[in-house]
Amino acid sequence: MSRNGSKLVLALCLLAALSFGLASGALTSGFGAYEDEPAHVTTALMLRDWIATRAPLHPVRFAEDYYLHYPKVAIGQWPPVLHIAVALWTLAFGVSQAALLALPWLLAALTAWLTARLVVRELDPDAGARATGLQPRAAPPATLWWSGAVAGIVLLALPLVQEFMSLIMTELPMAFVGTLGALAFGRWLEAPSVKRAVAFALVAVLAILTKGSGLALALVPPFALLLARRPGLALRPSLWVVPVLVGLICAPWYALSLPIVRASWSEGSSPSLEYALRALTYYPPEVVRLGGPAFIALAAVGLLVSLRPRRPQAVSAALAAWLGGLALLHASIPSSLEARHLVVAAPALTVFACLGAHAVVRRAVAWGLVRFADPRWAALGASALLVLPFGALRFTQVKKDWHGFDEAAALVCANADLQGDTVLVASGAAGEGLLVLGFALHEAPRRDRQVLRASKVLASASWIGDGYETRFESAAGVREWLASVPVAAVLLDASTPERHRRAHLVQLRDALEGAPETWTLAQRVDVVRAGQRFPEALEVWLAPGHAARAPQLLGLDEVLGRAPRGD
């Protein structure tokens, strides 16, 4: 492939990703667009501090100690690749907002660039021959690179992709490595070899240790062999290197973490027909909403043309198999029903949509419906067919707008009288996570303060909120507990959504308001949740007499919500 064309497309993708990222307002927003985001960042900060401080503590003991101070670490809840990547990135570039966001923006640009390369590869009629060494390498026509660039920018413009390119979440990294895995297996299909099998295996390991949906790559080989009409290749010895290598590396992690992960599945603890039926009714409309009806119609055309019986394309077969594996995985594993899972499928769908647009234009030319004297105009027409319906029907500028939580944490950190004192944060899952992360960011790498989560120390529940019960019978019990710890400051969020406004928050408010001689409402901070403003919703309560009391470090059982009931 043309080196200059590839570099130009990469530059355009970087510029587009940066533009969308800056336009989203993410640089001034908190990390709370999803409840999982604060946990990802806090876990990465923990790994960063462990590496940076060269602590003599055992990794597990260090993680436990870190959790005692900033209880939003989620080791085992997700595979480790994202957290390791963010930790190493912040070691190199720091933990500023801009540094943290630069990583997903870069990943978004690389994913768009990979999408562009796949489009060029599949539109180039000689790509397969070059890949197998039957023809000398030659640059594909420049028009194909422009088509690829348009496809990459359309991918970045998809509202769901825009949203996740400014989040520290697993979806975008998974989109990149999953698509790369499909390409790697497609290349093995074109020219089977041990080298290409090992390449696919290593990418599969990276994907599976990034997010559980990476397990869908296990279905790519059988599905792709069938779609490419090459089932005989299943007997090639090089193919069987893949399960051995992937199993040896990934099986230990999943054997240890599966009980933790299954406890967080919100749709059931095991696969069921009832969940599969709900998934099959939920995801098709979300797929259409991803890029609009015209986008998905073009993707369907591209899929059919690429897999035509006479000459199915190997890489297209692998991409289609990747989509099929993802569909089967999310229809069987009851983790959750959420549109965000489609981010992982977006690059492959964009490739097929671009291929479909070119197929429609070619057919229109063959039927005499349109005439293009120059092939470049045909490529331009295909790009317009991809862009215009999407732009008119589906394009929107996505904003990230979460404020108030980091500001409240900064106020407490700046208070000289509260240095190192215990703080209680009380909100929903996202709000508490943002507040804990705020303290971790402002105080890193020190750990002289214990931040407590009200949902853990004043109540108990499973990861997804089942089995909820308060620890204390009344506000009086909460008040006595606050004095016994002792807690010097409470950050109480009145903007907590109704579904997360549990009984312990009512008890906490009653305990604070019922003891004016002990607790003072010192300040109110405006809160913005997903663009919705809640004036003076985050309250900062202080106990003026806290300086006379020596704080005590609570143990893991209490911080994790496993302490016995009070009162």
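The model is a predicted one, so local features need pLDDT of at least 70, side-chain atom pairs count only at pLDDT 80 or more, and totals for chains, interfaces and linings use all residues. Residues are numbered from 1 along each chain as its sequence is written, and side-chain values use heavy atoms, with hydrogens and water left out. Helices (H or I, at least four residues) and strands (E, at least two) are DSSP runs, numbered from the N terminus.

**Salt bridges**

- A salt bridge here is a side-chain nitrogen of Lys or Arg within 4 Å of a carboxyl oxygen of Asp or Glu. By that rule, the count is 21 salt bridges.
- Take Arg340 and Asp36: their closest N and O atoms are 3.7 Å apart, and they form a salt bridge. This pair links distant parts of the chain, with Arg340 in the loop between helix 15 (314-332) and helix 16 (346-366) and Asp36 in the loop between helix 1 (3-23) and helix 2 (37-53), 304 residues apart.
- Arg340 and Asp36 are both buried. For the terms: buried means under 20% relative accessible area, exposed means over 50%, and partly exposed is in between (1.4 Å probe, protein chains only).
- These two also belong to a network of salt bridges that links Asp36, Glu171, Lys211, Glu338 and Arg340.
- Asp65 and Arg447 make another salt bridge, at 3.0 Å from N to O. Here too, distant parts of the chain are linked: Asp65 is in helix 3 (residues 59-69) and Arg447 in the loop between helix 19 (429-443) and strand 2 (451-453), 382 residues apart.
- Asp65 has a relative accessible area of 22%, so it is partly exposed. Arg447 is partly exposed because its relative accessibility is 23%.
- Then there's Glu539 with Arg509, a salt bridge whose closest N and O atoms are 3.2 Å apart. Glu539 is in strand 7 (residues 532-542) and Arg509 in helix 22 (residues 503-513), 30 residues apart, and the pair links distant parts of the chain.
- With 4% relative accessibility, Glu539 counts as buried, while Arg509, at 22%, counts as partly exposed.

**A helix pair**

- Helix 13 (residues 273-291) packs with helix 15 at an angle of about 130°, and their axes are 7 Å apart. Axes are lines fitted to C-alpha atoms, for helices over the stretch in contact, and angles run from 0 to 180 degrees between N-to-C directions.
- The two helices are therefore oblique to each other. Under 35 degrees would count as roughly parallel, over 145 as roughly antiparallel and 65 to 115 as roughly perpendicular, with the rest oblique.
- On the helix 13 side, Tyr275, Ala276, Ala279, Leu280 and Tyr283 meet His330, Ala331 and Ser332 in helix 15; contact means heavy atoms within 4.5 Å.

- Most residues other than glycine have a negative phi, and most peptide bonds are trans.
- Ala444 and Pro445 are joined by a cis peptide bond, with omega about 0°. Pro445 is in the loop between helix 19 and strand 2.
- Val485 to Pro486 is also a cis peptide bond, with omega near -10°. You'll find Pro486 in the loop between helix 21 (475-484) and strand 5 (489-493).
- Arg229 isn't a glycine, yet it has a positive phi of about 55°. Its relative accessible area is 44%, so Arg229 is partly exposed.
- Ala530 has a positive phi too, near 50°, and is in the loop between strand 6 (520-529) and strand 7. Ala530 is exposed because its relative accessible area is 60%.
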